[in-house]
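The sequence and the structure are shown first.

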Amino acid sequence: MHFEHILFSIEDGVALLSLNRPEQLNSFNAQMHSEVREALKQLRQNPEVRVLLLTGEGRGFCAGQDLADRNVAPGTEAPDLGESIEKFYNPLIRALRDLPLPVICAVNGVAAGAGANIPLACDLVLAARSASFLQAFCKIGLIPDSGGTWSLPRLIGLARAKALTLLGERLSAEQAERWGLIYRVVDDANLRDEALKLARHLATQPTYGLALIKRSLNASLNNGFDEQLDLERDLQRLAGRSEDYREGVAAFMAKRTPAFKGH
Amino acid sequence: MPHTLSVDAPDQGVRLITLQRPEALNALNTQLLSELAAELDAAERDDAIRVVVITGSRKAFAAGADIKEMAERDLVGILNDPRLAHWQRISRFVKPLIAAVNGFALGGGCELAMHADILIAGEDARFGQPEINLGIMPGAGGTQRLLRAVGKSLAMQMVLSGEAIDARHALRAGLVSEVTQPELTVERALAIARVIAQKAPLAVRLAKEALLKAEDTDLASGLRFERHAFTLLAGTADREEGIRAFQEKRRPQFTGQ
């Protein structure tokens, strides 16, 4: 499939997916959704891929939904926004969260609407110093979607989540880092390099084990303590059967650098 | 040799039947049902087998009936459908049957899973009766066993809308007894099978029968059956052994007598 609205490449275990509608601040339309979906499908089927890096082209990261696609003229029937969420956004968010490998998001500029919440479904979020997060939904009578109302209170607490989503004020990357919304702020000029460096490192790590870590931490947000202890037992049982665990222990005993294969 | 399933003996007293039609997501065609019925028949006659676990693949337990095969049958063909006899054989299996369900359990696949006495589901399992989408309806117990398992409202919703539910929903509704990591579903089912395989076979068999009676008799008849079954066990050597072992604080050695 030829991609028009995204850039997608796979190199040395790193899949790079960049949203590419820079004039529209990489806002989503139906075609971009289907291209992202296809790219995620391709990388899931490719056993070489051990990390995904998601970013955007141009000055913005993603401005959420392209409202040109959703113009509600006076007198016309209200659109079913639930349907577009069911069809596009929720599958995307679930796919990112459930990918059995680390997902890095490099937020290169403004992240608004769904675009502010997509990074929250990723595992490691870096942001350019000039980037910002904007829960713009309240400005047009909508509620935060794409998992925002779930992720935000868990990441930054209910008080800040409410202020952010009810006021719709711009949150700077630095404040987002201080609040624990994202992992790290990087100077604009270094963002892509830093993110790629992180991706290349992760591509040499025990991917299956990392996937299980991600799975257990995601599950912890819903689990009680006892359930989580049981889950740790089960996932450790699986991790203990991996080739990479064998290799990790062997390398440790032999005082050498492990050569992980990802399974 | 069966072609659509494999049979393993992972533990003493336990048989593991794995549905194997990967090209069709384990769709239940006549051959598969016939081979499954034959395996259960053999398992029932073999005293060494105490419990049977049935499973599919990571992707699908069984994704329904074989639509192509079904389309070829007219009214008379359906009336003479050999599959009915196979389903009946499966439903009459007297030993414990545990289903380890990963992925899709739809249509006939959901019905097959519901023939099991215990259902363990992987987190990504999906249960549904989508027959309505084809202009037909469940034909192997889907409308009956589902209602008994999950209650009227959810059963109606699933059968009339054709929409599937996920493993967590199935757990809340009581369709399955446990949800596990998908990679551990079979392992967990086998662990339960091992525990049951250590129990007195006659007690297990009568207890299963009594539990199933609860679904299709009134309470008074069910209680009467339970009492009869309870009394029957009084004459078994395993009952004596079980009680003696308990008093002597040791593990009982059941013989099935």
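## Basis

The model is predicted: local features need pLDDT of at least 70, side-chain atom pairs count only at pLDDT 80 or more, and totals for chains, interfaces and linings use all residues. Residues are numbered from 1 along each chain as its sequence is written, chains are lettered from A and ligands numbered from 1 in the order in which they are written, and side-chain values use heavy atoms, leaving out hydrogens and water.

## Sheet in chain A

Four strands of chain A form an open sheet in the order S4-S6-S8-S9, with mixed pairing. Its edge strands, S4 (60-62) and S9 (171-172) of chain A, each pair on one side only. Strands are DSSP runs (E, at least two residues; helices are H or I, at least four), numbered from the N terminus, and two strands pair if DSSP finds at least two bridges between them.

S4(A) pairs with S6 (residues 110-112) of chain A in the parallel sense over two bridges. The bridge partner of A:Cys62 in S6(A) is A:Ala111.

## Ring contacts

Aromatic pairs are rings of Phe, Tyr and Trp (its six-membered ring) with centres within 6.5 Å; planes under 30 degrees apart count as stacked, over 60 as edge-to-face and the rest as tilted. Over all chains the count is two. A:Phe3 and A:Phe8 are edge-to-face, at 6.1 Å centre to centre and 90° between the planes. The rings of A:Phe28 and A:Tyr89 have centres 5.9 Å apart and planes at 70°, so this pair is edge-to-face. A:Phe28, in the loop between S2 (14-19) and H1 (30-45) of chain A, is 61 residues apart from A:Tyr89 in H2 (residues 81-98) of chain A.
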